[in-house]
Amino acid sequence: GPARRTETADDAPPVQMQAARPQRLDVEDYLVMRALRYLDDAAHWRNNLNPEDIVNSANREILEYLLTHSESTTESFFEKRPDDLPEGLYHHLEYLRGMALNEPEIPPAAVAGEFDRLVLKIRERNAIRKQSERAVLLAEGGDARMPELESAALEDLAALHLAKTELGRRT
């Protein structure tokens with residue numbers, strides 16, 4: 001039969017092409033994108049978002065950075081590259097900001113609702129993630145009862161229900 005061709009390193013796309021491919025954006029990325037684009041509206045997310053709710057460390061660091069520089073207006077914030085922001089974080093910030101600027105503008109009356117929706121979606125995602133982690137721990141625990149895990153699971157289910165109810169009410 002025909003000879004089988006084996007893949008070699010030459011068949012792989014160059015590294016820079018791989019890096020240039022857009023990453024899949026998640027709810028945290030969208031929150032950071034909105035925060036960067038609507039910097040003057042930070043009050044809409046700063047009070048109901050707990051930084052620990054943000055799983056991606058780059059996104060968490062960008063949001064914390066925005067909070068510490070919240071006196072800046074959108075224009076003054078982006079005048080020059082901030083000296084106190086690490087290079088990699090700055091590139092992530094610029095990538096998300098570029099993505100945000102390519103999206104249609106959100107009407108001013110809808111900005112607060114959009115931030116609320118994203119914060120609730122993050123809470124919902126985190127509650128589901130914690131439930132999955134606890135399910136694994138409970139399954140690995142065999143027949144041993146773990147009351148602390150069970151009570152934490154009930155608290156997360158209540159938080160998930162609250163987030164879903166609030167999301168349903170707003171949509």
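Student: How much space lies in the largest pocket?
Tutor: About 240 Å³, with volume taken as the space filled by probe spheres set on grid points joined across faces, edges and corners. A pocket here is an open set of points on a 1 Å grid over the protein atoms alone, where a 1.4 Å probe fits and protein lies on both sides within 12 Å along at least five of seven lines; lining residues have an atom within 4 Å of a point. This is a predicted model: local features need pLDDT of at least 70 and side-chain atom pairs 80 or more, while totals for chains, interfaces and linings use all residues. Residues are numbered from 1 along each chain, and side-chain values use heavy atoms, without hydrogens or water.

Student: Which residues are closest to the pocket's centre?
Tutor: Asp53, Arg123, Asn126, Lys130 and Ala159, out of 13 lining residues.

Student: And which helix gives the most to that lining?
Tutor: α7, with six residues. Helices are DSSP runs (H or I, at least four residues), numbered from the N terminus.

Student: What kinds of residues line the pocket?
Tutor: Five nonpolar, one polar and seven charged. Asp, Glu, Lys and Arg count as charged, Ala, Val, Leu, Ile, Met, Phe, Trp, Tyr, Cys and Pro as nonpolar, and the others as polar.

Student: New topic! How do α2 and α7 cross?
Tutor: The axes of α2 (residues 27-37) and α7 (residues 108-140) come within 9 Å and cross at roughly 155°. Axes are lines fitted to C-alpha atoms over the stretch in contact, with angles from 0 to 180 degrees between N-to-C directions. The two helices are therefore roughly antiparallel (over 145 degrees).

Notes:
Angles under 35 degrees count as roughly parallel, over 145 as roughly antiparallel, 65 to 115 as roughly perpendicular and the rest as oblique.
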